[in-house]
Amino acid sequence: MSKLASIPAVSLQSVSRHFGAVRALDGIDLEVGEGEFFAMLGPSGSGKTTCLRLIAGFEQPTSGSIRVFGDAVEGVPPYRRNVNTVFQDYALFPHMNVRENVEFSLMLRKVDRMTRQREAEAALELVKLAGYGERKPGQLSGGQRQRVALARATVNKPKVLLLDEPLGALDLKLREQMQDELKVLQKTLGITFIFVTHDQGEALSMADRVAVFDHGRLMQVGTPEEIYRRPNSRFVADFVGSSNVLPPAFVQSMFGESRWASLRPEAIHVARAEGDGEPHLTGIVVSRAYLGATTRLGIDLGGTLLHAVVASTEDAPVEGERVTLGFSKDAVHMMEAEG
Amino acid sequence: MSVEALTASAILPNRRGTLGALSDYFWRRPKLLVFLLVAPALLWLGIVYVGSLIALLLQSFYSLDDFSGVIVEEFTLKTYGELFKAQNLDIIVRTVSMAAIVTLASAIVAFPIAYVAARYARGKWKALFYLGVMLPLWASYLVKIYAWKLILAKEGILNWVFEQLHLTWLLDAYLSLPIIGGNSLSVSFTGTFLVFLYIWLPYMILPIQASVERVPTNLLDAASDLGATPMQTFWKVIFPLALPGIVAGSIFTFSLTLGDYIIPQIVGTSRLFIGQAVYVQQGTAGNIPLAAAFTVVPIIIMGLYLWMAKRMGAFDAL
């Protein structure tokens, strides 16, 4: 991978973090390249936020080592790491106005007042909040606070920017807009972004690479396309995207291999007539969800439920209708063996 | 009653008679309910409490006829003028200085305790903290003061400890200092100060603890993340956000010290504090106007104090 240049921006070597008997993170190996937009994806409690807190320095690993641009950071407190965080609920200082919040890190570094103000204003301009400096965080909307948090975390040009579910509290429209803006911001600043999210759509659309976490373990790392097309486990297939997970018995009956497999809904052709030589099956439409340009069908194949996405046309199948399904063998991605 | 009968009509029947009807009535007139809720407190605070305070203030504008000892019920500022006589001004300066020092010392002693309790104590340690802070409040105020008198007396345990440590010379050197010294700690201003500090400390600890507890942990993470050392985090984030708590606590310690007349009477010198002056003027001396004027002093000082605290932004984080 060309993105992984000589020294990775962040590297974790068999990092674990246990809280008593709870293994929040268990033996994680991970490398994030310089300038990469990296997403850590997983359900709540999967360890992705713990992983972020370890890199930021709020927590110390139980075992393993973490390096930031080649330097081991064990025992280095957060205030000595050139790594900044955008917090989930922004964590803006309520007693300071927007400018003071953004200037905070510069003030601590004894940067003179003029430079400080100039840099803060530039950072605010970058997040489209020029002129908001004198307001208090309490007077801003959620989206604006989000931008202030971004400006505050990027004003001193950290080596790595960590973002902990930064869009979680925003409504859908704003979230989509911020996704685009974050991408642009990352390109402009050229900083390594590590982004924690439980939203697979967000991870796939924004990140250069995605790491999928579950129960403190790293399940898969890869480009969004790899993760989406070739999930390596049932969990990844199930969590990332709305793939159909085919049980081993089903796969055995069709392909003679007793393995779990994944099949993307849009790879299934649904028709009323008989198929055309591709392996095909018949089933009954049991649910139908209109998604705009497409319609998602739930099809019962005598005990196995598959989802298929078809174009929303006049003659899309309706509930109770009998349909045949066809898909090419290439679309079926084999995963782990039965177990 | 079956579930069907309950849900048969769109409007559920009133099943609680008059009380139910009353609930409905108040639901339709929420302002009336609020009025009824605050009326008793309003009567008490508004008439009995503020009313008597105003009566007291009026007294301070009367004066005492020096020859007859009769109170002249005519408006005059003469009584306030008397406050500026050297012996009365002394009392005021002494009391205000004591209140200020006690407040400052309380804040310094209370903050670490409150901070640890708010940040680190959990479960039974937190219960232990509350018990430890509140327990002294359950014991009689007088018993505690007399106990302190014994602790601080020449024959008391503190002297004994200094003796055992062969540090009596140190204590003696301290007691030989002007103003703060004296024959023994129990008859010095230092003794008065120590007892004030002890008695009012819980009133400082609890508000500070509450305010520190309200500072979200992620603000501390954020400060650290942006490069603030623990010391910088304290001064730039924790302290400003805990300031309302400190001010709340200082209102207690400051005003309680300004008004107290028992502690300086039992532990300390024979020099008067405002509370004692009020006690003497309204009792033995029979000079109610001067007693009233003395009472106004702490009110004005507290007013100034709050005004200054507000101007310094102590309440901005509320």
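Is helix α10 of chain B mostly covered or mostly uncovered, and how many of its residues are buried? The model you are looking at is predicted. In it, α10(B) is mostly covered. Of its 25 residues, 21 are buried.

Stay with this helix and check its length. α10 of chain B runs over residues 189–213. At 1.5 Å a residue, its 25 residues should span 36 Å. Now follow its axis. α10(B) bends by about 45° at B:Trp200. A proline, B:Pro202, follows within four residues.

Next, turn to chain A and its sheet. Strands of a sheet pair through backbone hydrogen bonds, either parallel or antiparallel. Here the sheet is open and has 4 strands, in the order β2-β1-β4-β5. The pairing is antiparallel. The edges are β2 (22–32) and β5 (71–72) of chain A, and each of these pairs on one side only. Look at one pair inside the sheet. Strand β1 of chain A (residues 10–19) meets strand β4 of chain A (residues 63–68) over 5 bridges, in the antiparallel sense. For A:Leu12, the bridge partner in β4(A) is A:Ile66.

Finally, see where the two chains meet. On chain B, 16 residues are in contact with 17 residues of chain A. Two helices of chain B, α11 (217–225) and α12 (230–259), each supply at least two residues of the side that touches chain A. α11(B) gives the most to that side, with 6 residues. By class, this side of chain B has 8 nonpolar, 5 polar and 3 charged residues.

Note on methods
Residues numbered from 1 in each chain as written. Chains lettered and ligands numbered in written order. Predicted model: local features only at pLDDT ≥ 70, side-chain atom pairs only at ≥ 80, totals over all residues. Expected span 1.5 Å × (residues − 1). Bend = angle between axes of the 7 residues up to and from the residue. Buried ≥ 20, exposed ≤ 12 C-beta atoms within 10 Å, placed from the backbone. Pairing = 2+ DSSP bridges. Contact = placed C-beta atoms within 7 Å. Nonpolar A, V, L, I, M, F, W, Y, C, P; charged D, E, K, R; others polar.
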